[in-house]
Amino acid sequence: MKGFIIGMVVLCLLAGCQNLTGATPDVKPMQLQENAIINQDQADEAKKIVLSMEEVVEIKGVSDNDDNIYLAPRVKHFDRFRLKEIRKTGFNSVKKRYPDATVFLSTDQKIFMELEKLEKELKNRTISEQRLKKELKKLEDMMKG
Amino acid sequence: MSSSKGKNVTPAQQKYQMLQKKHELKRPVVKNCFRAFLVGGFICLIGQGLHVFYYTFFDFTQRTAGDPTVATLIFISVLLTGFGVYDRIAQFAGGGTAVPVTGFANSVASAAIEHRTEGYVLGVGGNIFKLAGSVIVFGTVAAFVIALIKTILIQWGGL
């Protein structure tokens, strides 16, 4: 009886992990376009490019007037083993589209959260250009750090 | 000890061995593994929770949040060791509490507490790394050997 219970618990634990690998539908990236104070065309386009990668499920991104694009994709669970490679491919494909821009691509959850916040603020027009620049500078340091 | 088993044993000894085997308590290996898995996993869950907490509410990234997480876990386990709670958990979970970083902290703190009566230099200082010292030595040596292998592979193997 005891063995049976333990077996059941193990089975439940193992079965619980099953759905993680299943295909999660891609979340459409927020297209800011003209809504924002600062033109986000570059970011919108870059988001589409990176999201077209199979491994990426969700993406946040912001760009500024100085040709800097900040991107933070969320990678599918099992593909996280190849994070380095994914970062490289994502970076290269964006760079190919915008050769003159400086692209920052990070798979860090913190960067993702911060960019999400910035995206929302840009959409609601509650952020000034100056503050955006400051926040992005902070993110840049974080990515390097 | 075990190498002499089965060789040159008198019938009396053999009989005794049979008797011993009959009365020997079997180690519940599966149960121990299961407990170690659960408790060790729970410690890691706490660690992951702390990790998420640190990068969500403070200025850490996922990469840098590892440092305060480890520091907090070590602090908690040293406290628990001092209060004598960690021993009880370890009694129940076995390897589950020894393998994560908390086990390392526990081995250092408990050695320090145990040898406090022998003085601070020869007692605490001399014994604090009694168990942890071997971990450090083998870890460093293994890292050195692996680094050597990696260097050789990259330099001459063209990997």
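1. In what order do the elements of chain B run from the N terminus on? In this predicted model, the elements of chain B follow one another as α-α-α-α-α-α-α-α, and the count for the chain is accordingly given as 8 helices and 0 strands.

2. On overall dimensions, the C-alpha trace of chain B spans about 70 × 55 × 40 Å along its principal axes. The radius of gyration of chain B is 22 Å, whereas a compact globule of 159 residues would have a value near 15 Å. Of the 159 residues in chain B, 18% count as buried.

3. As for contacts within chain B, if one considers those with a separation of 6 or more, 56% are accounted for by residues 24 or more positions apart.

4. Helix 2 of chain B, which covers residues 29–57 and has 29 residues, reaches 42 Å from its first C-alpha to its last, and this is close to the 42 Å expected at 1.5 Å a residue. The buried residues in this helix are Gly40(B), Ile43(B), His51(B), Tyr54(B) and Tyr55(B). Their cover includes elements from both chains, namely helix 4 (109–124) of chain A and, from chain B, helix 3 (66–83), helix 4 (85–93), helix 5 (95–98) and helix 6 (101–114).

5. Turning to the interface, 7 residues of chain A are in contact with 7 residues of chain B. On the side of chain A that touches chain B, the largest share, 3 residues, comes from helix 4 of chain A, and the residues of that side divide into 3 nonpolar, 2 polar and 2 charged.

How values were computed:
Residues numbered from 1 in each chain as written. Chains lettered and ligands numbered in written order. Predicted model: local features only at pLDDT ≥ 70, side-chain atom pairs only at ≥ 80, totals over all residues. Helix = DSSP H or I, 4+ residues; strand = E, 2+ residues; numbered from the N terminus. Expected span 1.5 Å × (residues − 1). Buried ≥ 20, exposed ≤ 12 C-beta atoms within 10 Å, placed from the backbone. Contact = placed C-beta atoms within 7 Å. Nonpolar A, V, L, I, M, F, W, Y, C, P; charged D, E, K, R; others polar. Rg over C-alpha atoms; globule rule 2.2 N^0.38 Å.
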